[in-house]
Amino acid sequence: MSALTSVDVVAESAFLDGFETNAVSRTGRVIYVGVPFGNTELLTLGGMRALGEADVVVLDNPSLASLLDLPELALPEHRVMTLDDHDATEARAALVDREASLGRTVVRLVACDPMTSPMVGHEAHLVAAMGTSIDIVPAVSALTSVPTFVGLDLAEDAPTYHFFTPGEVLPAAGSLVLGAKVAYLPALGEAALEAGRPATAGAVVTFGLGTSRQHTRQVRIKDLMTRALTQGRVPDAPAMVVLGQLSDRDEVLNTYESKPLFGWQVLVPRTAKATDEIDRHLRRHGASSYAVPTITVELPRNPLAMDKAIHGLVDGRYRWIVFTSGNAVRAVLEKLEEYGLDARAFSGLHIAAMSSLTAGVLSEWGILADLVPQTETSAGLIAEFPAFEHDFDVINRVFVPRADVSLDTMIDGLARLGWEAEEVTAYRAVRAAPPPVETRDAIKTGLFDAVIFTSSSTVRNLVGIAGKPPRQTIIAAIGPATAATCEEQGLHVDVMAPEPEPLALVDALAQFARERRADLAAHGRTVCRPSESRRRRSS
């Protein structure tokens, strides 16, 4: 933490006047947790544990709120407060201290390594001086993480790390990793030349380090003083510069920006209770996902049929139960819970799941499916479903909980196999409310790089509530039926999964992005994201 000036000390003394600074009776505390670069993907295990203890979470800025939605955090009940950018440090300290004084654990999320910010350090000093216990959870340091994010091999040359300000004298030799404001880059270039470094010597400049917008350029020292390098960038934004031997990037180690979907914003239309499996897989390939609920799940209008089916399930009325979706699984299990029952009610039943995704929802409740077809369609299920054997099976009834849409292909197929299927409406799939205006505008103007459609209903509902994405947005469909619906809605399908499975669809999109990048480079064109293509053509 930076040393306090005499002015700081005077202001601090006035601010603390009236507080009992040596109080020991307080039971609350404040935990400062760093979120490096504001990138929630880089939160440490210590930071996650701190959030797990939070009664109140105080955010530096609204962008950090997305962190609190990550399913892997499993956060307890808590209140969220967001600080105003114009709040004085004293006001921020008073706010978190007030919450802690009520016996609460306050997690103060900051978009950097906490003690690298003089403002955060000063705030923590004030809070501690009021008698409140503080803890500090460090984050990844911007400077020392440059080699990892950019792809530099330190085996041959250990660099010196330094934050640069104009007027400083740089060493004439050796590798340097420098942090500077974008506005300081010309001064940094002049300082390197004045130190005796050649104007044509290499330099690596990285903007947006550690974020989904990271962009690294290999230039020469003299290029640091040109307007073209910084055009369109915020002068106060941070930039990282590497000088010396390390300015040659190791492409093998460049694992961050080289991800196939790096920087892509992918829209995922989905039901409100869909799993986060697609989101996690997109992040693995470097993309950021944005979920738009297109379907909400509601109770059936007449619950009596479902009540009767549950009684029949417990009484041994059925030989099989066929789950066609995760929503059907949840509907049945929630109904069992209403009666004080659990998964043991399935004892003696054979269980089929239409897809591996549905089987995954079952496994979350400790239930293993006896049948998951290789081809995850109604026809695929019927192809693998056993025929009813009169000499072996006493009961020929199959319970099929579903949405309020008949499954004719499955029901007819089960009948041909000798089974009597009982379809029961377990839930209703209702079109969701339109997303916010900003989201609708982003969809229609092509600000998303791709849209992933996992069913025909998500296609129709997204177009109905938000409009159609433009041609440059990449459209990915999970299978032929979904692709056909896309075409009906005037959407050209660019990617289709080799098998109707969500993760296979994400992998297919990643492969498409790899081939697209290679094609652009082979034709000497600028490699850019799909959302940038229209802006580049119009500029």
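A salt bridge is a side-chain nitrogen of Lys or Arg within 4 Å of a carboxyl oxygen of Asp or Glu. Keep in mind that this is a predicted model.

Q: What makes the pair Arg 529 and Glu 532 a salt bridge?
A: The N to O distance between their side chains is 3.5 Å. The cut-off is within 4 Å, so the pair qualifies. Both Arg 529 and Glu 532 are also buried.

Q: Why would such side chains pair at all?
A: Side chains of opposite charge can pair when their charged atoms come close.

Q: How do you know that Asp 236 and Lys 181 meet in a salt bridge?
A: Their N to O distance is 3.9 Å. The definition asks for within 4 Å, so this pair counts too. The two residues lie in distant parts of the chain, 55 residues apart. Asp 236 sits in the loop between α7 (227-230) and β10 (238-243), while Lys 181 belongs to strand β7 (residues 176-181).

Q: Why is Asp 236 called exposed?
A: Asp 236 has a relative accessibility of 56%.

Q: Why does Lys 181 count as partly exposed?
A: The value for Lys 181 is 34%. Buried means under 20% and exposed over 50%, so Lys 181 falls in between.

Q: What makes Arg 104 and Glu 99 a salt bridge, and which label does each residue get, buried or partly exposed?
A: The side chains come to 2.6 Å, N to O, and the limit is within 4 Å, so they form a salt bridge. Arg 104 has 28% relative accessibility and counts as partly exposed. Glu 99 has a relative accessible area of 3%, which is under 20%, so Glu 99 is buried.

Q: How many salt bridges does a search of the whole structure find?
A: The search finds 21. Some residues are linked in a network of salt bridges: Asp 60, Arg 92, Arg 108 and Glu 123.

Q: Why is α14 called roughly perpendicular to α15?
A: The axes of helix α14 (residues 437-444) and helix α15 (residues 456-466) come within 10 Å and cross at roughly 115 degrees. Angles of 65 to 115 count as roughly perpendicular, so α14 gets that label relative to α15.

Q: Which residues make this contact, and how are they classed?
A: Helix α14 brings Arg 440, Ile 443 and Lys 444, and helix α15 brings Leu 462, Ile 465 and Ala 466. By class, the contact of α14 with α15 has four nonpolar, no polar and two charged residues.

Q: How do you know that Ala 497 is buried?
A: Ala 497 has a relative accessible area of 9%. Ala 497 is found in the loop between β20 (495-496) and α17 (502-522). Leaving aside neighbours within four places in sequence, Ala 497 is in contact with Ala 477, Ile 478, Ala 504, Leu 505 and Ala 508.

Q: How many helices and strands are there, and what share of the residues counts as buried?
A: The chain has 18 helices and 20 strands. Of its 539 residues, 47% count as buried.

Methods:
Residues are numbered from 1 along each chain as its sequence is written. This is a predicted model: local features need pLDDT of at least 70, side-chain atom pairs count only at pLDDT 80 or more; totals for chains, interfaces and linings use all residues. Side-chain values use heavy atoms; hydrogens and water are left out. Axes are lines fitted to C-alpha atoms, for helices over the stretch in contact, and angles run from 0 to 180 degrees between N-to-C directions. Helices (H or I, at least four residues) and strands (E, at least two) are DSSP runs, numbered from the N terminus. Angles under 35 degrees count as roughly parallel, over 145 as roughly antiparallel, 65 to 115 as roughly perpendicular and the rest as oblique. Contact means heavy atoms within 4.5 Å. Ala, Val, Leu, Ile, Met, Phe, Trp, Tyr, Cys and Pro count as nonpolar, Asp, Glu, Lys and Arg as charged, and the others, Gly among them, as polar. Buried means under 20% relative accessible area, exposed over 50%, partly exposed in between (1.4 Å probe, protein chains only).
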